[in-house]
Each structure stands twice: as structure tokens, then as C-alpha cells.
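Look at the structure first, then read on.

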Amino acid sequence: MQKRNYDRRIKITPDGKRTVVSFVLLVFFLIIMYLVQPSLMKPSRLITITNGQLCLLLGGIGQTLVLLAGGIDLSIGGVICLSNSIAALYMPDSIPGMILMSLLIAALGVGIGMFNGVIITRFHVQPFVVTFTVNYVLLGIALKLLPIDGGEPPARYVSGLLHNFGIFSLSMILVILILAGWVFMRRTRFVRNIYAVGCNAKASALNGIDVSKVKIMTFALSGGLAALAGLWRTAQLASGSPDAGDALTMPSITISVIGGTSMAGGMGGVVGTVVGAYILRLIQDLLTFLGAKSFWSTVFQGVFLVMTVGVCSVIDMKKGGKKNG
Amino acid sequence: MDKKLFWKKNSTTISRYFIVAILFTLISILKPGFASGSHIKVLLAEAAIIGVAAIGQTLVIITGGIDMSIPWIFNGAAMAAFAFSNTFTGADFGLVIIGILTVGFLLGMINGICVTYLGIPSIVMTLGTNTILQGAVTGLTSGSIVGQAPNILKVLSTGSFFGISVAFLFWIVLAVIVLLLLRKTGYGRALYALGNNRTVAKFSGIHVKRVEAIAYGISGMSAALAGLMLLGKTGSAYLGMGNPFQFQSIAAVALGGVAMSGGSGSYLGTVAGAMTIAVLLSVLTALNLSQAMQQVLYGIILFAAVLIATIQNSKNRSSKL
């Protein structure tokens with residue numbers, strides 16, 4: 001059974017069929033949105049939504065890569081909080097300074113991710129245990145740096161990142177670049193290896209893939225992307241918070257799964273995750289428009305996560321049998 | 001020979017008690033008053049709540065899963081008891097407690113059924129349940145409720161019996177029950193069997209899914225019970241009171257030497273783990289560190305503990321094979 005899946009996944013484009021479902025969902029919710037509130041369907045709204053979702057989207061892409069290789073990263077929220085706190089406190093007010101600071105923060109994220117990956121692969125610890133504990137420590141450090149919400153990133157940093165070019169915003173251009181980058185990357189050996197490792201780590205190792213290295217790379221990328229997400233969040237909110245970003249870990253899994261990425265690894269892709277981020281926002285907007293109170297939105301987050309993962313898992317079980325009998 | 005075998009089999013668990021003892025001795029030398037009778041009583045009462053919350057977590061981790069939904073089942077139970085204490089008193093409140101524990105069990109069963117029958121990864125399912133309950137409890141109580149901690153819970157958490165805290169005695173009774181369940185019943189053996197090798201367990205005629213789902217049910221019930229105990233201790237229920245127990249319940253199990261991959265470990269280890277955490281928490285508070293530094297240190301210590309436990313377990317396993 002394993003072998004058949006393995007062949008199928010490698011031959012057909014990895015995120016082909018599964019991504020289609022997420023596009024269908026997106027169109028479905030767009031139509032509902034149009035019927036309920038046509039005034040919200042205009043280009044400027046797309047800018048608002050993209051600015052708002054880019055942080056989650058970056059975290060979600062990291063999560064997707066880790067999930068594809070068969071892991072899970074619960075430290076995304078912690079990295080976002082830490083990066084957000086550092087950027088809000090220490091971002092200098094000069095362009096070279098800003099670039100240097102951003103690079104340093106991104107490097108810090110990559111370092112944290114690599115640490116996760118090395119511990120997980122070297123000592124064979126479950127990914128969720130390591131990343132969950134690391135998340136706890138990171139939240140502590142963020143709280144130490146920034147005891148209460150605040151900090152003031154320079155105005156130029158905020159306006160620079162939130163700049164609009166006509167009907168395009170910088171965030172939209174970034175999303176397009178990410179998608180283009182992924183389409184290009186998908187054909188590279190590195191990304192193929194991620195899929196192979198997620199499908200069947202043993203077979204990959206026998207085929208000469210350095211499984212540990214691939215896994216460490218996915219965690220490193222996830223950490224780096226989460227740090228970038230924190231940098232974006234700093235601009236978007238124009239302040240820092242030591243704990244608010246922690247709530248992003250769960251939606252990062254949700255958008256990956258709506259986008260067709262399998263929790264078991266080896267299936268899915270980044271395009272779906274991007275679509276998933278927009279779907280999540282559309283549903284939240286619908287709820288707000290229907291006058292739901294904020295706690296309903298919390299309930300919904302959980303219901304939606306469980307529902308999407310449940311539906312995908314049942315479909316996968318019917319298709320190929322469950323991994324562990 | 002028998003004696004040797006006993007030591008070999010239980011070396012992990014026994015070493016945990018040594019760690020608690022050494023940690024405790026060291027700190028009481030450094031900090032006079034730490035080892036006073038009254039402080040030990042407080043420590044044990046605190047360990048009892050962590051230990052009770054970790055009962056179900058131990059069972060779930062033995063199956064190879066994890067339960068992240070403990071905090072809000074815990075919180076929901078405490079809030080419910082707090083709110084109902086106005087209208088129900090005396091023997092009627094006993095029914096309320098039974099009702100709350102049943103609801104806890106059922107919520108856990110929902111986790112278990114979705115994990116086993118729908119194939120949702122346990123971490124995602126229980127995280128989802130936790131969030132749903134967070135929203136639901138917040139919404140239903142609209143932030144704060146008026147009530148009082150019922151006397152029976154106060155006695156359970158803060159009372160003492162011949163100088164020993166009732167909470168600790170209660171915990172010992174529960175621990176004995178759990179140990180008997182794990183060691184002497186078919187259910188316990190089935191739990192270890194499926195944690196070790198699901199396929200083999202299935203073909204040995206074990207109803208794998210049912211056994212696994214019930215473990216989550218027990219976890220929901222023990223979380224609710226721990227919530228009631230904390231309500232008795234603090235005297236009031238508030239939103240977020242269960243949050244520390246997500247990390248603590250997992251940490252108690254890990255510190256107790258239970259392998260995170262499932263199939264081994266014992267509740268006796270978790271008991272030692274819960275005591276270690278109570279001691280650590282008390283030290284970190286006594287050091288007058290800020291909340292943030294406490295969290296960092298606590299996280300690092302537990303990270304190291306989990307790592308050491310995993311390395312030890314994988315060594316034991318490879319030497320067994």
C-alpha cells in the first residue's frame with residue numbers, strides 16, 4: 001500500500017488534485033461573500049486582506065513544509081512572538097539598519113528551527129514534544145524582552161512594508177513572488193526530497209536521500225519564515241506583543257490542511273496553503289458580518305481545524321487504508 | 001535473580017524518585033524552611049493536583065498519543081462546579097460532581113473517537129477540542145461568574161487528616177487504582193500492547209480502537225477532577241486557570257520516564273514527575289524571578305528532562321531488542 005502511494009505521489013504533480021479542492025472552496029466562499037455583502041468585493045479589500053493574512057500565510061508555509069516532510073512545528077507562534085518583540089523594540093530608524101536587523105531576526109528564526117530539527121533527528125524525539133517545549137521557552141524570552149504589549153517600530157519601517165503600488169500592495173507582490181518561487185522550486189531536487197521523505201522516510205534513506213538533513217532544512221525554513229512573519233506583524237500592527245502571536249500556531253495547521261496538505265506527510269503543497277489563508281479570512285469575515293461574538297470565532301477556529309483534518313483523513317483512509325492498520 | 005530483575009525493570013521509575021529526593025535535599029540545605037512540615041504539606045497538595053491532571057495524560061501517552069485538551073476541560077469543570085454551587089448544596093452537590101466528571105469523560109471520549117475512528121492525529125484533535133472549549137466556556141460564562149467554592153472541595157484540597165493533607169491521601173488512593181488498572185487488568189495490558197505495536201495488538205484480538213478511545217475518556221475525567229481540586233484550593237474559578245496544566249501534565253509524564261512514543265512507562269513515574277514539578281515551581285517562585293524568567297528556566301529544565309528521558313528510553317529499547 002505504502003509503495004503504491006509513493007509511486008503515485010511522485011508521478012502526478014504533488015499538489016495537483018488536492019489543491020483543486022481548496023480553489024473550489026475559495027470560489028464557493030467568494031460567491032457566498034458576494035451574495036451576503038457585495039460591497040466588500042472590491043480591489044482595495046484584497047489589499048486589506050492580504051496585509052492582514054500575510055503573517056499567518058508565512059507561518060503556514062513553514063508549517064506546510066514541515067508537514068510535507070512528516071513533522072509538525074508547534075513553535076511557529078513562539079518564533080513569531082519573539083521576532084515581533086525584538087523588531088518592535090530594537091528596529092533602528094535607518095534603511096541599512098532595518099535590513100541588517102531583519103536579516104539578523106530571520107537568521108535567529110532559522111537558528112531556532114535548525115535547533116528543533118537537529119534535536120528531533122539526532123535524538124529521535126517526537127517533533128511535537130520538542131517544538132512544544134521550545135515554544136514555551138521562546139514565549140518566556142519574548143515576555144522577558146517585552147513585558148507588556150508595546151514597543152514602537154520606526155514609522156518608515158511600517159509605511160515601507162505597507163506601501164501600495166497602485167492597486168497592488170507590497171504584500172500582494174510578495175504573495176505572487178512566493179507562488180512563483182514555489183512553482184519553480186517544486187521541480188528542484190530539494191523539494192522532491194521533502195515529498196519523498198514525507199511519503200516514506202525509510203525508502204528515501206535507502207534511495208540515498210539524507211533524511212535527517214531534509215527534515216532539519218524544513219524546520220529551519222519554518223523557523224525562518226515564522227521570523228519573517230513576526231517582522232511583517234510588527235509593521236502591520238506597528239507594535240509588539242509578547243504573546244498574541246502564539247494563537248497563530250493552530251491556524252497555521254488549519255490553512256495547510258484546507259490547502260490539501262496531509263498531516264501524514266508527503267502530500268499537498270504551498271499553493272493550497274496560500275489559498276487556505278484566504279479561505280480562513282473569508283470565513284472569519286462572514287462570521288463577523290453575521291454578528292457573531294468573538295468567542296464564537298474561537299469556537300469556530302477549533303471546529304474548522306477538526307473538521308478539515310477529519311474530512312481529509314477520512315478521504316485518505318478510504319483511498320489508501322490507514323498507515324497503522 | 002528476582003531482585004536483580006526487579007531493579008532492572010523499574011530502574012527508570014526508581015531513578016525518578018532519587019532525583020526528587022536529591023533535588024529536595026539540596027534545596028532544603030540551601031533554603032532553610034523549605035523542608036518544614038507545613039511546606040512539605042503544601043508541596044504535596046500541589047503535586048496532587050498536577051498528578052491527578054496527569055493520570056489521563058499518562059494513559060494517552062502510553063497509547064502513543066497526546067492530550068492537549070486538558071486545560072479547558074479542567075477550566076470548564078471548575079467553572080461549572082463554581083456556578084452550580086449556588087443552587088445545589090450538600091448531597092445534591094455530589095450529583096453535580098458526578099455530572100461534571102461524566103461530562104469530562106464524554107468530552108474525552110469525543111477526542112478518543114475522532115482520533116481512533118476518523119484517524120485525526122491526536123495532537124490536532126485535542127488542540128481543536130481545547131480551542132472549542134475555550135470559546136464555549138468563555139462564551140457561556142461571559143467572562144466571570146459568581147459563586148463559591150463548595151465545602152466538600154475545600155476539604156478535599158486544603159483539609160488535613162492526622163497532619164497529612166487530604167489532597168495527597170486522595171491522590172495516593174487514585175494512584176493505587178490507576179496502578180492496579182495498568183498492571184492487573186486486561187485493559188492495562190491492552191493499553192501497553194497497542195502502544196508498543198498497534199498491528200500486533202490488533203491481530204492479538206485486542207479491540208484497539210475502543211481501548212485507545214477510553215484512554216482519552218479517562219483523560220477528560222481526570223482533567224475535570226483536577227479542575228475541581230484546584231477550585232477547592234483557590235476558592236474561586238476564573239478563565240485560564242487550567243492553562244498551566246497543559247504543559248505541566250505532559251512534563252510530569254515526561255519527567256516520570258514515560259516514553260513519548262508510547263508503550264512503556266508507569267503511573268508511579270508520573271507521580272515522581274508531578275512531585276518534581278511541584279518542587280521546581282516552588283523553588284522558581286522562591287527565587288523571586290520574574291514570570292518570564294520562571295517560564296524560560298522551567299521550559300529549559302523540562303526540555304532537558306524530556307530529552308534525557310527519550311535518550312534513556314531508546315537505549316533501554318535497543319538493549320532489549
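**Cavities in the model**

The largest cavity holds about 50 Å³ of space. The count comes to two cavities of 30 Å³ or more. A cavity is a set of points, on a 1 Å grid over the protein atoms alone, where a 1.4 Å probe fits but cannot get out; lining residues have an atom within 4 Å of a point. Points are joined across faces, edges and corners, and a volume is the space filled by probe spheres set on them.

The model is predicted: local features need pLDDT of at least 70, side-chain atom pairs count only at pLDDT 80 or more, and totals for chains, interfaces and linings use all residues. Residues are numbered from 1 along each chain as its sequence is written, chains are lettered from A and ligands numbered from 1 in the order written, and side-chain values use heavy atoms, without hydrogens and water.

**Largest cavity**

- Its lining includes Val129(A), Phe132(A) and Thr133(A), along with Phe247(B) and Leu302(B).
- Helix H6 (127-145) of chain A, and helices H11 (244-255) and H13 (291-320) of chain B, each give two or more residues to this lining. Helices are DSSP runs (H or I, at least four residues), numbered from the N terminus.
- The lining has seven nonpolar, one polar and no charged residues. Nonpolar means Ala, Val, Leu, Ile, Met, Phe, Trp, Tyr, Cys and Pro; charged means Asp, Glu, Lys and Arg; the others, Gly among them, are polar.

**Second largest cavity**

- This cavity has about 30 Å³ of space.
- Among its lining residues are Val79(A), Ser83(A), Gly109(A) and Ala227(A).
- Helix H4 (76-90) and helix H5 (95-123) of chain A each supply at least two lining residues. H5(A) gives the most, with four.
- Six lining residues are nonpolar, two are polar and none are charged.

Methods: 1 Å grid on protein atoms, 1.4 Å probe; cavity = no way out; pocket = protein on both sides within 12 Å on 5 of 7 lines; lining within 4 Å.
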